[in-house]
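Thanks for coming. I will take a few minutes to walk through one structure, starting with the whole chain and then going to some particular places. Please have the model open while I talk.

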Amino acid sequence: MGEGGETIAIAEENGGLIVDSGETNSTWPAMRFDVSPYRTHHFSKQFRASRNPNNFLKGLKWSPDGSCFLASSEDNTLSLFYLPQDGGESNGYGVTIPEEDSYGASLLVNEGESVYDFCWYPYMSVSDPLTCVFATTTRDHPIHLWDSSSGEVLIFLSMESAAWGFCKLNVVALRCTYRAYDAMDEITAAFSIGFNPGGNKIFAGYNNSIRVFDLHRPGRDFGQYSTLQKKKEGQAGCILSTLAFSPTNSGMLAVGSYGQTTGIYREDNMELLYVLHGQEGGVTHVQFSKDGNYLYAGGRKDPYILCWDMRKSVEIVYKLYRATENTNQRVFFDIEPCGRHLGTGGQDGLVHMYDLQTGNWVSGYQAASDTVNAFSFHPYLPMAATSSGHRRFSIPDDDDEDNNDVQLKADENCVSLWSFYVTSQENTSDEHNNGLASNSHHLNVTGEEENA
(Lines give C-alpha, C1' and ligand atoms only; values in the text may rest on other atoms or scores of the structure.)
Protein backbone atom coordinates (compact mmCIF):
# COMPACT_ATOMS: atom_id res chain seq x y z
CA MET A 1 0.00 0.00 0.00
CA GLY A 2 2.88 2.35 0.82
CA GLU A 3 4.55 1.86 -2.52
CA GLY A 4 1.28 2.31 -4.37
CA GLY A 5 0.61 5.57 -2.54
CA GLU A 6 4.05 6.87 -3.41
CA THR A 7 3.57 5.91 -7.06
CA ILE A 8 0.27 7.78 -7.23
CA ALA A 9 1.82 10.82 -5.55
CA ILE A 10 4.65 10.84 -8.06
CA ALA A 11 2.19 10.44 -10.91
CA GLU A 12 0.14 13.41 -9.74
CA GLU A 13 3.24 15.58 -9.93
CA ASN A 14 3.80 14.46 -13.51
CA GLY A 15 0.42 15.30 -15.02
CA GLY A 16 -1.43 12.19 -13.82
CA LEU A 17 0.70 9.56 -15.57
CA ILE A 18 1.15 6.40 -13.51
CA VAL A 19 4.20 4.43 -14.59
CA ASP A 20 3.84 0.78 -13.74
CA SER A 21 5.61 -2.20 -15.30
CA GLY A 22 4.85 -4.93 -12.79
CA GLU A 23 7.73 -5.97 -10.59
CA THR A 24 10.10 -3.17 -11.60
CA ASN A 25 9.22 0.47 -12.08
CA SER A 26 9.59 2.11 -15.48
CA THR A 27 11.37 5.36 -16.21
CA TRP A 28 10.81 8.39 -18.32
CA PRO A 29 12.82 8.08 -21.56
CA ALA A 30 16.08 9.92 -20.88
CA MET A 31 16.62 11.61 -24.22
CA ARG A 32 20.05 12.52 -25.51
CA PHE A 33 20.41 16.08 -26.72
CA ASP A 34 24.12 15.93 -27.47
CA VAL A 35 23.28 14.25 -30.78
CA SER A 36 20.70 15.36 -33.32
CA PRO A 37 17.42 13.43 -33.54
CA TYR A 38 16.41 11.70 -36.75
CA ARG A 39 13.29 12.33 -38.81
CA THR A 40 10.80 9.44 -38.85
CA HIS A 41 7.81 10.96 -40.67
CA HIS A 42 7.25 13.97 -42.89
CA PHE A 43 4.16 15.81 -44.13
CA SER A 44 4.13 18.67 -46.63
CA LYS A 45 2.29 17.91 -49.87
CA GLN A 46 -1.20 17.78 -48.38
CA PHE A 47 -0.82 21.29 -47.00
CA ARG A 48 -0.18 22.59 -50.51
CA ALA A 49 -3.39 21.23 -52.02
CA SER A 50 -5.29 24.15 -50.54
CA ARG A 51 -6.98 26.77 -52.70
CA ASN A 52 -4.84 29.29 -50.84
CA PRO A 53 -1.45 29.29 -52.63
CA ASN A 54 0.09 31.01 -49.61
CA ASN A 55 -1.03 28.36 -47.14
CA PHE A 56 1.39 27.61 -44.29
CA LEU A 57 1.49 25.85 -40.92
CA LYS A 58 0.77 27.92 -37.81
CA GLY A 59 1.38 25.41 -35.01
CA LEU A 60 0.71 21.94 -33.65
CA LYS A 61 -0.06 20.23 -30.33
CA TRP A 62 0.15 16.60 -29.18
CA SER A 63 -2.92 15.09 -27.58
CA PRO A 64 -2.53 14.45 -23.83
CA ASP A 65 -2.40 10.67 -24.36
CA GLY A 66 0.17 10.98 -27.17
CA SER A 67 -1.92 9.03 -29.69
CA CYS A 68 -2.18 11.89 -32.20
CA PHE A 69 -1.37 15.52 -32.85
CA LEU A 70 -3.34 18.44 -34.24
CA ALA A 71 -1.87 20.93 -36.73
CA SER A 72 -3.31 24.32 -37.64
CA SER A 73 -2.75 25.98 -41.01
CA GLU A 74 -3.46 29.33 -42.65
CA ASP A 75 -6.32 27.94 -44.77
CA ASN A 76 -8.49 27.80 -41.60
CA THR A 77 -8.05 24.03 -41.37
CA LEU A 78 -7.02 21.80 -38.48
CA SER A 79 -5.50 18.45 -39.48
CA LEU A 80 -5.37 15.50 -37.09
CA PHE A 81 -2.66 12.86 -37.53
CA TYR A 82 -2.54 9.62 -35.55
CA LEU A 83 0.82 8.22 -34.53
CA PRO A 84 1.55 4.84 -36.20
CA GLN A 85 1.36 1.79 -33.98
CA ASP A 86 5.12 1.36 -34.11
CA GLY A 87 5.44 4.69 -32.31
CA GLY A 88 7.41 6.22 -35.15
CA GLU A 89 10.32 3.83 -34.84
CA SER A 90 12.58 3.37 -37.86
CA ASN A 91 16.01 1.93 -38.47
CA GLY A 92 17.63 4.64 -36.37
CA TYR A 93 19.03 6.51 -39.35
CA GLY A 94 15.87 8.47 -40.11
CA VAL A 95 14.31 9.21 -43.46
CA THR A 96 15.27 11.71 -46.10
CA ILE A 97 12.89 14.52 -46.92
CA PRO A 98 10.45 12.82 -49.33
CA GLU A 99 8.29 14.44 -51.96
CA GLU A 100 5.34 12.30 -50.84
CA ASP A 101 3.84 12.49 -47.36
CA SER A 102 4.34 9.63 -44.92
CA TYR A 103 0.55 9.30 -44.63
CA GLY A 104 -2.54 11.47 -44.78
CA ALA A 105 -4.46 13.24 -42.07
CA SER A 106 -7.15 11.17 -40.35
CA LEU A 107 -9.43 14.14 -39.81
CA LEU A 108 -9.82 17.61 -41.29
CA VAL A 109 -11.78 20.34 -39.53
CA ASN A 110 -12.58 23.37 -41.67
CA GLU A 111 -13.30 26.52 -39.70
CA GLY A 112 -14.98 29.55 -41.22
CA GLU A 113 -12.26 32.04 -40.36
CA SER A 114 -8.67 32.23 -39.19
CA VAL A 115 -7.94 29.97 -36.21
CA TYR A 116 -6.70 31.99 -33.24
CA ASP A 117 -6.06 29.15 -30.82
CA PHE A 118 -6.91 25.51 -30.09
CA CYS A 119 -6.41 23.13 -27.18
CA TRP A 120 -7.02 19.51 -26.20
CA TYR A 121 -9.26 18.31 -23.42
CA PRO A 122 -6.70 17.54 -20.65
CA TYR A 123 -7.96 14.01 -19.93
CA MET A 124 -8.28 12.95 -23.56
CA SER A 125 -7.68 9.23 -24.10
CA VAL A 126 -8.11 7.40 -27.38
CA SER A 127 -9.38 4.37 -25.44
CA ASP A 128 -12.38 6.46 -24.34
CA PRO A 129 -13.91 8.13 -27.41
CA LEU A 130 -16.11 10.34 -25.24
CA THR A 131 -13.03 12.24 -24.04
CA CYS A 132 -11.54 12.72 -27.53
CA VAL A 133 -12.44 16.37 -27.91
CA PHE A 134 -10.64 19.63 -28.56
CA ALA A 135 -11.70 23.27 -28.54
CA THR A 136 -11.03 25.96 -31.13
CA THR A 137 -11.53 29.70 -31.34
CA THR A 138 -11.66 31.54 -34.65
CA ARG A 139 -12.16 35.10 -35.85
CA ASP A 140 -15.77 36.35 -35.55
CA HIS A 141 -16.91 32.96 -34.25
CA PRO A 142 -17.67 31.50 -30.81
CA ILE A 143 -15.63 28.73 -29.23
CA HIS A 144 -16.29 25.31 -30.79
CA LEU A 145 -15.89 21.92 -29.16
CA TRP A 146 -15.02 19.22 -31.71
CA ASP A 147 -15.05 15.44 -31.59
CA SER A 148 -11.59 14.31 -32.72
CA SER A 149 -12.82 10.83 -33.62
CA SER A 150 -15.46 11.94 -36.13
CA GLY A 151 -15.26 15.70 -36.55
CA GLU A 152 -18.81 16.10 -35.23
CA VAL A 153 -19.63 18.75 -32.69
CA LEU A 154 -20.53 17.49 -29.22
CA ILE A 155 -22.76 18.79 -26.48
CA PHE A 156 -22.18 17.86 -22.85
CA LEU A 157 -25.23 16.51 -21.03
CA SER A 158 -23.79 16.12 -17.57
CA MET A 159 -20.53 15.95 -15.71
CA GLU A 160 -19.93 14.49 -12.29
CA SER A 161 -16.86 13.26 -10.47
CA ALA A 162 -16.69 9.95 -12.34
CA ALA A 163 -19.52 10.10 -14.88
CA TRP A 164 -19.55 11.95 -18.18
CA GLY A 165 -22.46 12.36 -20.57
CA PHE A 166 -22.30 13.40 -24.20
CA CYS A 167 -24.81 13.57 -27.00
CA LYS A 168 -23.84 13.61 -30.67
CA LEU A 169 -25.81 16.15 -32.62
CA ASN A 170 -26.42 16.82 -36.25
CA VAL A 171 -23.83 19.43 -37.19
CA VAL A 172 -26.34 21.20 -39.44
CA ALA A 173 -29.05 21.28 -36.76
CA LEU A 174 -27.02 22.40 -33.74
CA ARG A 175 -23.42 23.11 -32.73
CA CYS A 176 -21.86 22.92 -29.30
CA THR A 177 -20.55 26.45 -28.87
CA TYR A 178 -19.52 28.75 -26.05
CA ARG A 179 -20.59 32.24 -27.02
CA ALA A 180 -19.47 35.56 -25.64
CA TYR A 181 -21.13 38.85 -26.54
CA ASP A 182 -19.86 42.42 -26.47
CA ALA A 183 -21.67 45.59 -25.35
CA MET A 184 -23.55 45.70 -28.67
CA ASP A 185 -24.80 42.14 -28.11
CA GLU A 186 -22.68 40.86 -30.97
CA ILE A 187 -20.58 37.71 -30.83
CA THR A 188 -16.96 38.40 -29.96
CA ALA A 189 -14.18 35.90 -30.55
CA ALA A 190 -11.66 34.70 -27.98
CA PHE A 191 -7.99 35.18 -28.79
CA SER A 192 -6.79 32.37 -26.50
CA ILE A 193 -8.41 29.38 -24.82
CA GLY A 194 -7.48 26.66 -22.37
CA PHE A 195 -9.06 23.98 -20.18
CA ASN A 196 -8.46 24.27 -16.47
CA PRO A 197 -6.59 21.35 -14.80
CA GLY A 198 -9.85 19.91 -13.52
CA GLY A 199 -11.21 19.74 -17.07
CA ASN A 200 -14.58 21.24 -16.14
CA LYS A 201 -14.11 24.82 -17.37
CA ILE A 202 -12.84 26.65 -20.44
CA PHE A 203 -10.92 29.87 -19.83
CA ALA A 204 -10.86 32.30 -22.75
CA GLY A 205 -8.86 35.48 -23.22
CA TYR A 206 -10.47 38.49 -24.87
CA ASN A 207 -9.66 42.18 -25.07
CA ASN A 208 -9.14 43.34 -21.47
CA SER A 209 -11.15 40.47 -20.01
CA ILE A 210 -11.21 36.74 -19.31
CA ARG A 211 -14.40 34.76 -19.66
CA VAL A 212 -14.91 31.40 -17.95
CA PHE A 213 -17.34 28.89 -19.44
CA ASP A 214 -18.73 25.84 -17.68
CA LEU A 215 -17.88 22.90 -19.95
CA HIS A 216 -21.18 21.09 -19.49
CA ARG A 217 -23.27 24.24 -20.10
CA PRO A 218 -22.68 25.41 -23.68
CA GLY A 219 -24.28 28.64 -24.76
CA ARG A 220 -23.86 32.20 -23.60
CA ASP A 221 -23.57 31.59 -19.86
CA PHE A 222 -20.15 32.58 -18.56
CA GLY A 223 -18.32 34.41 -15.83
CA GLN A 224 -16.48 37.55 -16.88
CA TYR A 225 -13.42 39.06 -15.18
CA SER A 226 -11.85 42.32 -16.25
CA THR A 227 -8.06 42.67 -16.31
CA LEU A 228 -8.36 46.44 -15.80
CA GLN A 229 -7.42 47.20 -12.22
CA LYS A 230 -8.45 50.31 -10.31
CA LYS A 231 -5.72 52.25 -8.54
CA LYS A 232 -3.19 49.50 -9.09
CA GLU A 233 -1.24 47.96 -11.89
CA GLY A 234 -2.96 45.50 -14.17
CA GLN A 235 -3.08 44.30 -17.76
CA ALA A 236 -4.78 47.30 -19.32
CA GLY A 237 -5.70 48.06 -22.91
CA CYS A 238 -4.45 44.84 -24.49
CA ILE A 239 -5.46 41.58 -26.12
CA LEU A 240 -4.98 38.50 -23.92
CA SER A 241 -3.15 36.32 -26.41
CA THR A 242 -2.12 33.21 -24.47
CA LEU A 243 -2.74 31.45 -21.17
CA ALA A 244 -1.41 28.49 -19.20
CA PHE A 245 -2.26 26.77 -15.93
CA SER A 246 0.22 25.59 -13.33
CA PRO A 247 0.57 21.79 -13.64
CA THR A 248 0.80 21.26 -9.89
CA ASN A 249 -2.81 22.24 -9.19
CA SER A 250 -1.65 25.29 -7.26
CA GLY A 251 -4.51 27.35 -8.66
CA MET A 252 -2.26 29.72 -10.60
CA LEU A 253 -3.05 30.95 -14.10
CA ALA A 254 -0.61 32.85 -16.33
CA VAL A 255 -2.09 35.13 -18.98
CA GLY A 256 0.11 36.74 -21.62
CA SER A 257 -0.93 39.84 -23.54
CA TYR A 258 0.07 41.88 -26.57
CA GLY A 259 0.78 44.67 -24.10
CA GLN A 260 4.13 42.97 -23.36
CA THR A 261 3.00 41.82 -19.92
CA THR A 262 2.14 38.49 -18.29
CA GLY A 263 -0.38 38.48 -15.47
CA ILE A 264 -0.50 35.82 -12.75
CA TYR A 265 -4.01 35.17 -11.45
CA ARG A 266 -5.79 32.88 -9.04
CA GLU A 267 -7.88 30.37 -10.92
CA ASP A 268 -10.81 30.30 -8.50
CA ASN A 269 -11.63 34.03 -8.39
CA MET A 270 -9.28 35.53 -11.03
CA GLU A 271 -7.60 37.74 -8.45
CA LEU A 272 -4.51 39.40 -9.93
CA LEU A 273 -1.44 38.37 -7.95
CA TYR A 274 1.24 40.23 -9.88
CA VAL A 275 2.25 41.37 -13.37
CA LEU A 276 5.53 40.40 -15.05
CA HIS A 277 7.27 42.95 -17.28
CA GLY A 278 10.32 42.65 -19.50
CA GLN A 279 9.12 41.23 -22.81
CA GLU A 280 10.24 43.23 -25.85
CA GLY A 281 7.15 42.30 -27.87
CA GLY A 282 3.64 41.05 -27.34
CA VAL A 283 3.57 37.77 -25.42
CA THR A 284 2.51 34.87 -27.66
CA HIS A 285 3.23 31.78 -25.53
CA VAL A 286 3.58 31.02 -21.81
CA GLN A 287 4.30 27.70 -20.11
CA PHE A 288 4.99 26.62 -16.54
CA SER A 289 7.78 24.27 -15.60
CA LYS A 290 6.75 20.75 -14.61
CA ASP A 291 6.95 21.59 -10.90
CA GLY A 292 5.11 24.90 -11.32
CA ASN A 293 7.92 26.96 -9.75
CA TYR A 294 9.04 28.63 -12.98
CA LEU A 295 7.27 30.33 -15.86
CA TYR A 296 8.61 30.72 -19.39
CA ALA A 297 7.27 33.41 -21.73
CA GLY A 298 8.05 34.21 -25.36
CA GLY A 299 6.85 37.05 -27.56
CA ARG A 300 6.66 38.28 -31.12
CA LYS A 301 9.57 40.31 -32.44
CA ASP A 302 11.38 39.30 -29.28
CA PRO A 303 14.50 37.09 -29.50
CA TYR A 304 14.31 35.81 -25.91
CA ILE A 305 12.24 33.41 -23.86
CA LEU A 306 12.17 34.81 -20.33
CA CYS A 307 12.31 32.60 -17.25
CA TRP A 308 10.57 33.78 -14.07
CA ASP A 309 10.70 32.27 -10.61
CA MET A 310 7.12 32.20 -9.27
CA ARG A 311 8.39 32.22 -5.69
CA LYS A 312 10.23 35.53 -6.11
CA SER A 313 9.09 37.20 -9.32
CA VAL A 314 11.17 40.35 -8.95
CA GLU A 315 13.87 39.64 -11.49
CA ILE A 316 14.25 37.51 -14.59
CA VAL A 317 16.18 34.30 -13.83
CA TYR A 318 17.68 34.01 -17.31
CA LYS A 319 16.91 34.48 -21.01
CA LEU A 320 16.93 31.83 -23.74
CA TYR A 321 17.77 33.06 -27.24
CA ARG A 322 15.89 32.12 -30.39
CA ALA A 323 15.73 33.75 -33.83
CA THR A 324 12.36 35.53 -33.55
CA GLU A 325 13.38 39.18 -33.48
CA ASN A 326 12.00 39.91 -36.95
CA THR A 327 8.66 38.12 -36.99
CA ASN A 328 5.18 38.73 -35.61
CA GLN A 329 4.48 35.02 -35.91
CA ARG A 330 3.67 32.98 -32.83
CA VAL A 331 6.44 30.47 -32.16
CA PHE A 332 5.57 27.67 -29.73
CA PHE A 333 8.18 26.08 -27.46
CA ASP A 334 7.87 23.07 -25.18
CA ILE A 335 9.43 21.40 -22.14
CA GLU A 336 10.31 17.69 -22.15
CA PRO A 337 8.37 15.31 -19.85
CA CYS A 338 11.30 15.13 -17.40
CA GLY A 339 11.23 18.91 -17.12
CA ARG A 340 14.98 19.29 -17.60
CA HIS A 341 15.20 20.70 -21.15
CA LEU A 342 13.28 23.16 -23.33
CA GLY A 343 13.08 23.10 -27.12
CA THR A 344 12.17 26.01 -29.38
CA GLY A 345 12.28 26.89 -33.06
CA GLY A 346 12.83 30.16 -34.87
CA GLN A 347 13.13 31.93 -38.19
CA ASP A 348 16.46 30.25 -38.95
CA GLY A 349 14.82 26.81 -39.23
CA LEU A 350 16.79 25.54 -36.23
CA VAL A 351 15.51 23.87 -33.10
CA HIS A 352 17.49 24.91 -30.02
CA MET A 353 17.69 22.85 -26.83
CA TYR A 354 18.35 24.53 -23.47
CA ASP A 355 19.19 23.13 -20.04
CA LEU A 356 16.60 24.63 -17.69
CA GLN A 357 18.76 24.09 -14.62
CA THR A 358 21.43 26.44 -15.89
CA GLY A 359 19.79 28.28 -18.79
CA ASN A 360 22.67 27.21 -21.05
CA TRP A 361 22.34 26.20 -24.68
CA VAL A 362 22.82 22.45 -25.13
CA SER A 363 22.44 21.70 -28.83
CA GLY A 364 20.51 22.47 -31.98
CA TYR A 365 19.57 20.88 -35.27
CA GLN A 366 18.16 21.96 -38.62
CA ALA A 367 14.46 21.06 -38.74
CA ALA A 368 13.33 23.00 -41.83
CA SER A 369 14.38 25.57 -44.40
CA ASP A 370 11.96 28.21 -43.13
CA THR A 371 10.50 29.34 -39.81
CA VAL A 372 9.94 26.55 -37.29
CA ASN A 373 6.83 27.94 -35.62
CA ALA A 374 6.11 25.04 -33.27
CA PHE A 375 8.12 22.44 -31.39
CA SER A 376 6.33 19.92 -29.19
CA PHE A 377 7.65 16.96 -27.19
CA HIS A 378 5.64 13.75 -27.14
CA PRO A 379 4.02 13.25 -23.70
CA TYR A 380 5.93 10.04 -22.92
CA LEU A 381 7.91 8.76 -25.95
CA PRO A 382 11.38 10.08 -26.89
CA MET A 383 9.87 11.93 -29.82
CA ALA A 384 8.98 15.46 -30.89
CA ALA A 385 7.03 17.15 -33.67
CA THR A 386 7.81 20.37 -35.53
CA SER A 387 5.80 22.53 -37.89
CA SER A 388 7.24 25.17 -40.17
CA GLY A 389 6.08 27.88 -42.53
CA HIS A 390 5.45 31.61 -42.75
CA ARG A 391 3.45 34.04 -44.83
CA ARG A 392 5.13 34.87 -48.14
CA PHE A 393 4.40 38.05 -50.06
CA SER A 394 4.87 37.91 -53.82
CA ILE A 395 5.00 40.75 -56.34
CA PRO A 396 2.40 40.27 -59.10
CA ASP A 397 3.94 39.63 -62.50
CA ASP A 398 1.75 40.12 -65.56
CA ASP A 399 4.14 38.16 -67.75
CA ASP A 400 4.29 35.11 -65.53
CA GLU A 401 1.20 33.98 -63.65
CA ASP A 402 3.09 31.12 -62.01
CA ASN A 403 5.05 33.02 -59.42
CA ASN A 404 8.17 31.22 -58.25
CA ASP A 405 7.93 32.78 -54.79
CA VAL A 406 5.19 30.37 -53.77
CA GLN A 407 6.95 27.26 -55.09
CA LEU A 408 8.09 25.60 -51.90
CA LYS A 409 10.66 22.93 -51.22
CA ALA A 410 9.78 19.74 -49.37
CA ASP A 411 11.27 21.01 -46.11
CA GLU A 412 9.28 24.26 -46.18
CA ASN A 413 5.76 24.57 -44.82
CA CYS A 414 5.87 21.07 -43.40
CA VAL A 415 5.35 18.89 -40.33
CA SER A 416 8.05 16.45 -39.24
CA LEU A 417 8.22 13.84 -36.50
CA TRP A 418 11.58 13.30 -34.82
CA SER A 419 12.96 10.50 -32.64
CA PHE A 420 15.66 11.17 -30.06
CA TYR A 421 18.35 8.74 -29.02
CA VAL A 422 18.01 7.65 -25.41
CA THR A 423 20.54 6.87 -22.71
CA SER A 424 20.71 3.52 -20.96
CA GLN A 425 18.94 3.01 -17.67
CA GLU A 426 22.26 2.63 -15.87
CA ASN A 427 23.47 6.02 -17.06
CA THR A 428 20.19 7.61 -16.08
CA SER A 429 20.47 6.10 -12.58
CA ASP A 430 24.02 7.40 -12.19
CA GLU A 431 22.93 10.86 -13.25
CA HIS A 432 20.13 10.89 -10.71
CA ASN A 433 22.42 9.65 -7.96
CA ASN A 434 24.77 12.55 -8.66
CA GLY A 435 22.09 14.89 -7.40
CA LEU A 436 20.46 16.08 -10.58
CA ALA A 437 17.17 14.46 -9.72
CA SER A 438 16.83 16.53 -6.57
CA ASN A 439 16.55 19.79 -8.49
CA SER A 440 12.99 21.05 -8.77
CA HIS A 441 13.34 21.78 -12.47
CA HIS A 442 12.81 18.13 -13.42
CA LEU A 443 11.16 15.11 -11.89
CA ASN A 444 12.28 11.55 -11.22
CA VAL A 445 9.74 8.76 -11.63
CA THR A 446 12.11 5.79 -11.53
CA GLY A 447 11.32 4.77 -8.00
CA GLU A 448 14.73 3.08 -7.75
CA GLU A 449 15.16 3.99 -4.09
CA GLU A 450 11.98 2.07 -3.26
CA ASN A 451 13.38 -1.10 -4.84
CA ALA A 452 16.79 -0.75 -3.24
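This is a predicted model: local features need pLDDT of at least 70, side-chain atom pairs count only at pLDDT 80 or more; totals for chains, interfaces and linings use all residues.

Now the overall make-up. The protein chain has 32 strands and 3 helices. Of its 452 residues, 52% are buried. Taking the contacts with a separation of 6 or more, 55% are between residues 24 or more positions apart.

Let me start with strand β7, residues 133-138. How many of the residues of β7 are buried? The count is 6 of the 6, so the strand is largely enclosed by the rest of the structure.

Next, the partners of β7. Strand β6, residues 115-120, is joined to β7 by 5 bridges, and the two run antiparallel. One place to look is F118, whose bridge partner in β7 is T136. The other partner to show you is strand β8, residues 143-147, which pairs with β7 over 4 bridges, also in the antiparallel sense. Here V133 stands opposite D147 in β8. β7 and β8 form a hairpin, with 4 residues between them. In that turn, D140 has a positive phi of about 60°.

If you want a residue pair to find on screen, T262 stands opposite L276 in β21.

Staying with this sheet, look at S241, which is in strand β18, residues 240-245. Is S241 buried or exposed? S241 counts as buried because its relative accessibility is 1%, and the cut-off for buried is under 20%. Leaving aside residues up to four places away in sequence, S241 touches F191, S192, G256, S257, Y258, V283, T284 and R330.

R300 lies over the face of Y258, at 4.0 Å from the ring centre. K319 lies over the face of Y304, at 5.4 Å from the ring centre.

Y304 also takes part in a ring pair. The structure has 21 aromatic pairs. Y304 and Y321 form one that is edge-to-face, with 5.9 Å centre to centre and 70° between the planes. This pair links distant parts of the chain: Y304 is in strand β24 and Y321 is in strand β25, residues 316-321, which puts the two tyrosines 17 residues apart. Y304 counts as partly exposed, at 29% relative accessibility. Y321 counts as partly exposed at 34%. Elsewhere, ring pairs link F43, F47, W62, F69, F81 and Y103 into a cluster.

The last item is backbone angles in two loops. N208 lies in the loop between β15, residues 201-205, and β16, residues 209-214. Phi of N208 is near 70°, a positive value in a residue other than glycine. N208 is buried, with a relative accessible area of 18%. K301 is in the loop between β23, residues 294-299, and β24, residues 304-309. Phi of K301 is near 50°, again positive in a residue other than glycine. Which class does K301 fall into by accessibility? K301 counts as partly exposed, because its relative accessibility is 45%.

That is what I wanted to show.

Terms used: Residues are numbered from 1 along each chain as its sequence is written. Side-chain values use heavy atoms; hydrogens and water are left out. Buried means under 20% relative accessible area, exposed over 50%, partly exposed in between (1.4 Å probe, protein chains only). Contact means heavy atoms within 4.5 Å. Two strands pair if DSSP finds at least two bridges between them. Rings of Phe, Tyr and Trp (its six-membered ring) pair if their centres lie within 6.5 Å; planes under 30 degrees apart count as stacked, over 60 as edge-to-face and the rest as tilted. A charge sits over a ring if NZ of Lys or CZ of Arg is within 6 Å of the ring centre and within 35 degrees of the ring normal.
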